[in-house]
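Let's take a friendly look at the charged side chains here and how they pair up. The structure comes first, and the notes follow.

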Amino acid sequence: MIVLLCLLIIWTFSKVTWFFQPVSDFADIVALPVVLAGVLFYLFNPLVDRLEKKYHINRVWTISALFVVVILLVVWGIVALIPVIRNQATDFLNNWPSYWNHLVNQLEAWLNDPRLGQFQKEFDEISKTTTNSFSKWASSFANQTFSSVSGVISLITKIIVGIITMPFILFYLLKDGHRLPKYLAHFLPIRKRAGFIATLGEINGKLSGYIRGQLIVAFCVAVMFFVGYAIAGLKFALTLGIVAGVLNLIPYLGSFLAMIPSIVLAAFISPWMLVKVLIVFAVEQTIEGRLISPLILGTNLGIHPVTILIVLLASGRMFGVLGVIFGIPVYAVSKVILTHLFRWYKRQNGGYEDGGE
C-alpha cells in the first residue's frame, strides 16, 4: 500500500508540472551563480577561518582583500593570458581536421601491412562510426543551443547575470556561511539539533575536501602538462595544459581525455614528438597518482573506485557534462544523508542489536 501511494503521489505530481514551472525557472536562473559561489566558498573559506581564529582578523577585511587579489588576477589573465589562449585555441581548431586526417592516414598505412590486414575492415568501421557519431552530436548540440536568436540571448543573459551576482553571493557566504548550520537547526526540535548540525558538518567536510582538493590537483596537473609540453617543444603547450587541468576535474577519466588532442597533434608532427608526449603523460600520471592526489585528496570521500566509475557513467548518461563533474560530490552528500537516516531507523526499529551470537 505504501508503494502504491508513493506511485500515486508521483503520478499526481506529473500531471501538475505546470505548477512547479516558476520554481524550475527560478532554479535555472540562480543555479550558475550559486554553484560558482559555492565552489569558491570552499576554496577561500579555510583561509578566512584561519585568519579569523588564529590572528583575530575581521572576516570582512579578509574577504575584501581576497576580492581585490582575485580581481587583480582576473585583470592580469584578461590582459596577458586570454589573447594567447585565444590565438592558440583558434589555430588548433582550424588545423584540427589536418591533424586528425594525418593520424587516420598513418593508422591506415600501418594497418595495410599484410600482417595487420585482417584489422583493416574493423578499423574502417570504427573510424566511420566515430566520425558519424561526432558529427551527429555536434549538429544536435548546435541545433539545440543555437536554434533561435532568443535561445542565444537567453544563454548569454544567464551567464552575465551569473557572473554579476556570484560575487555578492560569495561575499555573504564567506561572511555568514559558518553561522548557517546553527540558524537552520533552530527550526528543529531541541533534541534533533545536535544530530542535524553533526550531519551538516560531515557533509560540509566531504564537500570542502573534495572541491578544494580537486581544484588544487587540477591546477597542479595544468602546470605539469604545460611545463612538460613546453620542454618537449609541443605546440599550443599553454592551451593544452589548461584543457588538461579543466578535464582533470572529471575523476579518473579527465587526464586520459586531455591526452587525445595532444596525441593527435604529436602524431602529426613526428613519431619522436609522440614518444615525448607519452613520456610527459607517464611522468604526470606518476607524480599525480603517487604524490599529489594522495597528499591533497587522500581518502576524504571514502568511496570505492568502482563505485566512482559507476556514478560517473550513470550521472554522465543522465545529466551530461554537469553530471560527470558534480556526480561524485552529490553521491557523497547523498551517502552521508542516507547513512544518518539508516542509523536513525536502526535506533527507532530496535531490531538491529547484536544478540551476542
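## Overview

This is a predicted model. The structure contains 4 salt bridges, and the ones described here include a linked group and a pair between Asp176 and Arg179.

## The network around Arg59

Asp49, Glu52 and Arg59 are joined in a network of salt bridges. Arginine 59 pairs with aspartate 49, where the closest N and O atoms are 2.7 Å apart. Aspartate 49 belongs to helix H2 (residues 21-55) and arginine 59 to helix H3 (residues 59-111), so this pair ties together parts that lie 10 residues apart in sequence.

Arginine 59 also forms a salt bridge with glutamate 52, and here the closest N and O atoms are 2.8 Å apart.

## Buried or exposed?

Both aspartate 49 and arginine 59 are buried. For arginine 59 the relative accessible area is 5%, and because buried means under 20%, this residue falls within that class. Glutamate 52, in contrast, is partly exposed, with a relative accessible area of 27%.

## The pair at Asp176 and Arg179

Aspartate 176 and arginine 179 form a salt bridge as well, with their closest N and O atoms 3.5 Å apart. Because a salt bridge has its nitrogen and oxygen within 4 Å, that distance qualifies.

How accessible is aspartate 176? Aspartate 176 is partly exposed, with a relative accessible area of 26%.

Notes. Residues are numbered from 1 along each chain as its sequence is written. This is a predicted model: local features need pLDDT of at least 70, side-chain atom pairs count only at pLDDT 80 or more; totals for chains, interfaces and linings use all residues. Side-chain values use heavy atoms; hydrogens and water are left out. A salt bridge is a side-chain nitrogen of Lys or Arg within 4 Å of a carboxyl oxygen of Asp or Glu. Helices (H or I, at least four residues) and strands (E, at least two) are DSSP runs, numbered from the N terminus. Buried means under 20% relative accessible area, exposed over 50%, partly exposed in between (1.4 Å probe, protein chains only).
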